[in-house]
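Please open the model in your viewer and keep the sequence panel beside it.

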Amino acid sequence: MDAKSTTYLAGEIRKTALSMVYEAKSSHIGGAFSMADILAVLYEDVLHVDPSEPKMVDRDRLLLSKGHACSALYAVLGLKGFFPMESLASYGQDGSSFLTHISHYIPGVEISAGSLGHGLPIACGLALAAKRKARPWTTFCLMSDGELDEGSNWESFLLAPQLGLDNLVVIIDYNKIQSLGFVKDVIDLEPLIQKFEAFKWEVFTIDGHEIQEIYTTLSSAKAARNGVPKVVIAHTVKGKGVDFMENKLLWHYKSPNATEYQQALGQLD
Amino acid sequence: MLKDIVVLNEKETRGGFGEGILEAGRKNPNVVALTADLLGSMKLQAFIKEFPERFVQVGIAEANMIGIAAGLTIGGKIPYTTTFANFSTGRVYDQIRQSVAYSGKNVKICASHAGLTLGEDGATHQILEDIGLMKMLPGMTVIVPCDFNQTKAATIAISEYEGPVYLRFGRPKWPNFTPENQPFEIGKAQFLSEGKDISIFACGHMVWKAIEAGRILEEKGVSVEVVNIHTIKPLDVEGILKSIQKTGCAVTAEEHNIIGGLGDSVAQVAARHFPIPIEYVGTNDTFGESGKPEDLLVKYGLDTPNILAAAEKALIRKKH
């Protein structure tokens with residue numbers, strides 16, 4: 001693990017996502033930034049994937065359930081060579097496959113998402129398939145905190161331990177802000193650790209912007225085949241990396257104007 | 001002639017599903033069964049006994065079941081999800097829409113206890129809107145077989161078809177009259193009689209009622225063409241057109257709301273290609289209630305005399 005190159009990749013993810021969102025006049029940049037470091041670690045050092053063979057049978061699967069924050073995932077896939085970077089210019093444009101909610105038509109993307117609470121049930125199915133077929137892959141599901149309001153997730157949280165899905169790693173991008181309010185004001189998730197423990201999951205808590213900590217935790221969660229599914233609660237900052245976006249509710253939906261774009265880009269360089 | 005159709009026995013269509021999934025499982029090791037805590041009602045016991053490692057109990061959690069099934073297909077399996085029709089569709093529509101239909105996943109959504117003939121459990125369980133919900137989803141195949149043997153054949157056939165399928169069947173014992181081990185061709189209407197005066201298009205349990213009504217019409221000297229539309233989507237447009245161009249009027253019969261069901265599909269074919277008088281037999285913008293299946297069919301106007309009355313009306317309209 002080279003923390004320096006991973007940190008560099010995270011910066012490139014943020015800059016690429018920012019440009020895409022700016023050009024397309026789309027939204028959700030705050031939630032893209034909060035998970036950028038996690039994505040950088042996953043694609044740099046944790047996921048067993050091959051950009052030249054995105055459908056490789058025994059690849060690790062990353063399911064982005066918070067599909068609205070897709071700009072960051074498209075960015076890392078482009079930066080890693082799953083498709084030419086130039087194609088990202090079409091993001092959010094008429095006729096493009098790069099929809100502003102994650103699209104399974106893009107190489108390297110496992111599922112379409114947008115309607116929330118879909119990723120984890122599918123991830124359970126993938127993990128179960130790997131178990132039943134005795135395949136080595138690990139299934140990761142990257143979820144938002146607000147998304148935990150959706151009941152379908154809790155059906156999965158109940159069932160995965162029953163099925164012994166120790167090849168499943170859920171990552172919660174806990175940036176504390178959802179569409180139109182703070183998580184604690186909309187539906188407070190706390191105490192979250194105890195909830196997952198009561199559901200018989202192995203729980204990890206990390207700073208979702210500390211590269212080394214993300215790496216150590218995700219790689220050990222991936223390696224441990226101990227009969228128990230894993231959930232990593234990643235404490236993150238919405239809009240991380242740009243001071244006027246950080247922890248601001250506004251930047252769930254706001255699209256940067258030209259001045260804001262230049263300022264943000266300057267801070268990320 | 002319709003009078004020549006012989007009832008072999010009376011069996012539950014869901015029993016045909018149970019036998020069908022067992023045979024599909026024997027033919028293809030990728031077939032797996034999931035249930036949301038209704039394995040007995042869904043007649044899965046034999047499959048589970050023979051293939052315990054290919055069964056998943058997800059608990060009373062239908063949304064999760066649909067998602068898991070979508071995930072399993074990515075792993076190469078052919079998941080059959082099983083629960084009642086109400087919980088198979090309305091309860092989990094968004095899961096089916098995004099994670100199965102839009103994603104083009106090879107999930108077989110198998111739904112029992114559809115319609116009024118669920119009986120005593122009443123309106124909360126008697127979905128009469130599911131055919132409409134499912135046929136509106138792009139890429140979704142919708143199959144409503146008419147009896148035990150056909151449900152078995154359809155259950156096997158869908159394992160050999162790549163793509164999302166909704167398979168709808170029911171709870172009560174019902175006349176079983178189609179051949180054992182019949183071939184089942186998805187999207188191909190089944191002509192049960194040839195006639196030149198009127199077409200009766202039916203699906204599911206109502207096919208038998210259409211035969212009963214057709215027999216009475218035959219006795220009255222009316223030449224009736226009874227057609228089993230076991231596949232609502234893709235619809236056999238050619239077969240329907242061939243029939244109505246000959247007969248010039250039609251009745252549709254379904255255990256479903258006439259808004260959004262088989263009747264709408266048939267009417268669209270007629271409206272676009274060959275407008276004729278059509279009368280509808282089905283529930284009319286209403287929920288069901290508790291009762292014995294046959295009593296409910298009478299109360300809600302889905303019985304043999306209702307098909308007869310509709311046919312007479314259609315025949316009169318044709319003359320004018």
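A salt bridge is taken here as a side-chain nitrogen of Lys or Arg within 4 Å of a carboxyl oxygen of Asp or Glu, and by this rule the count is 28 salt bridges over all chains. Before selecting anything, note that this is a predicted model, in which local features need pLDDT of at least 70 and side-chain atom pairs count only at pLDDT 80 or more, while totals for chains, interfaces and linings use all residues. Residues are numbered from 1 along each chain as its sequence is written, chains are lettered from A and ligands numbered from 1 in the order in which they are written, and side-chain values use heavy atoms, with hydrogens and water left out.

**Stop 1: a charged pair in chain A**

Select R135(A) and D58(A), which form a salt bridge whose closest N and O atoms are 2.6 Å apart. The pair links distant parts of the chain, 77 residues apart: R135(A) lies in the loop between α5 and β2 (139-144) of chain A, and D58(A) in the loop between α3 (36-46) and β1 (61-64) of chain A. Helices (H or I, at least four residues) and strands (E, at least two) are DSSP runs, numbered from the N terminus.

**Stop 2: an aromatic pair in chain A**

Rings of Phe, Tyr and Trp (its six-membered ring) pair if their centres lie within 6.5 Å, planes under 30 degrees apart counting as stacked, over 60 as edge-to-face and the rest as tilted; the count comes to 17 aromatic pairs over all chains. Now select Y74(A) and Y91(A), whose ring centres are 6.0 Å apart and whose planes stand at 70 degrees, so the pair is edge-to-face. Here Y74(A) belongs to helix α4 (residues 70-79) of chain A, whereas Y91(A), 17 residues apart from it, sits in the loop between α4 and α5 (119-133) of chain A.

**Stop 3: where chain A meets chain B**

Colour the two chains separately and display the contact (heavy atoms within 4.5 Å), which takes 28 residues from chain A and 26 residues from chain B. Chain A and chain B bury about 2,100 Å² between them, 56% of it on carbon and sulfur atoms, where buried area is the accessible area (1.4 Å probe) that two parts lose on being put together, summed over both. Select H118(A), R132(A) and E155(A), which supply 27% of the area that chain A buries against chain B, more than any other three residues. How many salt bridges are counted between chain A and chain B? The count there is 0. On the side of chain A that touches chain B, the elements giving two or more residues are α5 and α6 (151-162) of chain A, and α5(A) gives the most, with 9 residues.

**Stop 4: two domains of chain B**

Finally, select domain 1 (9-176) and domain 2 (190-319) of chain B, bounds that come from an automatic or database domain assignment. The C-alpha centres of these two domains of chain B lie 25 Å apart, and 34 residues of domain 1 are in contact with 34 residues of domain 2. The area buried between them is about 2,600 Å², of which carbon and sulfur atoms give 59%. In domain 1 of chain B, show L116(B), L128(B) and W174(B), which lose the most area to domain 2 of chain B, together 26% of what that side buries. Across this interface between the domains of chain B, the rule finds 0 salt bridges.
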